[in-house]
Amino acid sequence: MKRIVIVSDLQMPLEHKAANRNLINFIHDYQPDEVINIGDITDYTAPGRWSAGKRAEYGMSVKEEAGYTVANHVRPLRKGYDKKVTLLGSNHGERPHKYLVERCPAMYDEVIFQEPHLLRLDEFGIDFEPLKYDFAPGWTATHGHAKGISLSRFAGGTAMNAARKFQKNVVCGHTHRAGIISESSGEFAARQLTGVEVGCLMDIKKASYLGAAGFGNWQLAFGLFYVNGNRVSPSIIDVERDGSFMVEGEVYGSVKRNALGRFVSSAT
Ligand SMILES: [Fe+2]
Ligand SMILES: [Fe+2]
């Protein structure tokens, strides 16, 4: 049986730091057969529409943010994990290149501001899939931002919309929501389509565009898929607000307290 970890929307450097650290420790410990990062791994704040005309646009932070992602996620992940890792294209991943094409076409370069180059994916042996990736029988992974995928406010609904479009089971990110929805059709419900959204690992307090109170229908989570031949079983691993989580009964990252409520140690 294969075990595949699917991670989305770290939005580095706006990631939930403890969740990122615990996730990397978990992957080193659990040694899944494959890791799929489904996109928005880096936020690239400067070339975003929320920054247009504001101070942030002039922050010249694209390379700095890419360097931060390499230093705090890609390199540490690779230190203890050498199996297959795939990154998918996403709206935030496309930001620097799109900005250059739309706002500064005279400086266009085919490679330099593309995400695989910014994150040095070749050097770290990470595959890149710009739109979608068929990772298991009957299943495709896609970020969720592509044209023609209508967004739903219900967790899992956007992935279900994508599943209807592709006529395949879909796992996606982008919405920052975590949920699984299935839909059956045909005689005796013979045909089933499933959509999975794996949540995000961004620190909601750092999403300045949500306003001071940080209202957003977002969930901290990631995905874990079990694949045995043609059988595929999706699951969502909920991440607590302190960045800890539990997989197969094992807790990663929780802070232990004694009977008096005092901190005694950190699990990771
Ligand atoms: Fe995102
Ligand atoms: Fe996205």
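Buried means under 20% relative accessible area, exposed means over 50%, and partly exposed covers what lies in between. Keep that in mind as we walk through this structure, which is a predicted model.

Is Ile 204 buried, partly exposed or exposed? Its relative accessibility is 22%, so Ile 204 counts as partly exposed. You'll find Ile 204 in the loop between β9 (191-198) and β10 (221-228). Along the sequence, Ile 204 and Gln 219 are 15 residues apart, and their C-alpha atoms sit 9.3 Å apart in space.

**The six-stranded sheet**

Now for the strands. One open sheet has 6 strands, in the order β4-β3-β2-β1-β10-β11, and its pairing is mixed. Which strands are at its edges? They are β4 (127-129) and β11 (231-238), and each of these pairs on one side only. On average, neighbouring strands here are turned by 20° against each other, if you ignore direction.

Zoom in on one end of that sheet. Strand β3, made of residues 84-88, pairs with β4 in the parallel sense, over 3 bridges. Thr 86 has Asp 127 in β4 as its bridge partner. As background, strands of a sheet pair through backbone hydrogen bonds, either parallel or antiparallel.

**The five-stranded sheet**

There's also an open sheet of 5 strands, again with mixed pairing, and its order reads β5-β6-β7-β9-β8. Its edges are β5 (132-136) and β8 (178-185); each has a single partner strand, so one side of each is left without a neighbour in the sheet. Neighbouring strands in this sheet are turned by 20° against each other on average, direction ignored.

For a look at antiparallel pairing, check β8 and β9, which are joined by 8 bridges. Within that pair, Glu 183 stands opposite Leu 193 in β9. A helix packs on this sheet too: α5, residues 157-166, touches β5, β6 (139-142), β7 (169-172), β8 and β9. The direction of α5 makes about 135° with that of β9.

**A helix with a kink**

Next up is helix α3, which covers residues 91-103. Where is its kink centred? Look at His 97: the helix bends there by about 40°. The buried residues of α3 are His 92, Gly 93, Arg 95, Pro 96, His 97 and Leu 100. What lies over these buried residues includes α2 and α4 (115-118). As a rule, an α-helix has 3.6 residues a turn, so residues three or four places apart point the same way.

**Asp 43 and its surroundings**

Asp 43 lies in the loop between β2 (34-37) and α2 (62-79). Its relative accessible area is 2%, so Asp 43 is buried. What does Asp 43 touch, leaving aside residues up to four places away in sequence? The answer is Gln 11, Met 12, Leu 14, Glu 65, His 92 and Arg 95. Asp 43 also has a polar contact of 3.0 Å with Thr 45, side chain to side chain.

**Salt bridges**

How many salt bridges are there? The count comes to 9. Here are some of them, with the distance from N to O:

| Salt bridge | N to O distance |
|---|---|
| Arg 95 and Asp 43 | 3.6 Å |
| Arg 103 and Glu 57 | 2.9 Å |
| Arg 120 and Glu 123 | 3.0 Å |

Start with Arg 95 and Asp 43, whose side chains meet in a salt bridge. Arg 95 is in helix α3 and Asp 43 is in the loop between β2 and α2, so the pair ties together parts that are 52 residues apart in sequence. Arg 95 has 13% relative accessibility, so this residue counts as buried, and Asp 43 is buried as well, at 2%.

Then take Arg 103 and Glu 57, another salt bridge between side chains. This pair links distant parts of the chain, with Arg 103 in helix α3 and Glu 57 in the loop between β2 and α2, 46 residues apart. Glu 57 is buried because its relative accessible area is 11%.

Finally, Arg 120 forms a salt bridge with Glu 123. Are these residues buried or exposed? Arg 120 is partly exposed, since its relative accessible area is 33%, whereas Glu 123 counts as exposed at 52%.

Key: Residues are numbered from 1 along each chain as its sequence is written. Chains are lettered from A and ligands numbered from 1 in the order in which they are written. This is a predicted model: local features need pLDDT of at least 70, side-chain atom pairs count only at pLDDT 80 or more; totals for chains, interfaces and linings use all residues. Side-chain values use heavy atoms; hydrogens and water are left out. Helices (H or I, at least four residues) and strands (E, at least two) are DSSP runs, numbered from the N terminus. Buried means under 20% relative accessible area, exposed over 50%, partly exposed in between (1.4 Å probe, protein chains only). Two strands pair if DSSP finds at least two bridges between them. Axes are lines fitted to C-alpha atoms, for helices over the stretch in contact, and angles run from 0 to 180 degrees between N-to-C directions. A polar contact is a pair of N or O atoms within 3.5 Å; within protein, one must be able to donate a hydrogen and the other to accept it, and residues adjacent in sequence count only if both atoms are side-chain atoms. Contact means heavy atoms within 4.5 Å. The bend at a residue is the angle between axes fitted to the seven residues ending there and the seven starting there. A salt bridge is a side-chain nitrogen of Lys or Arg within 4 Å of a carboxyl oxygen of Asp or Glu.
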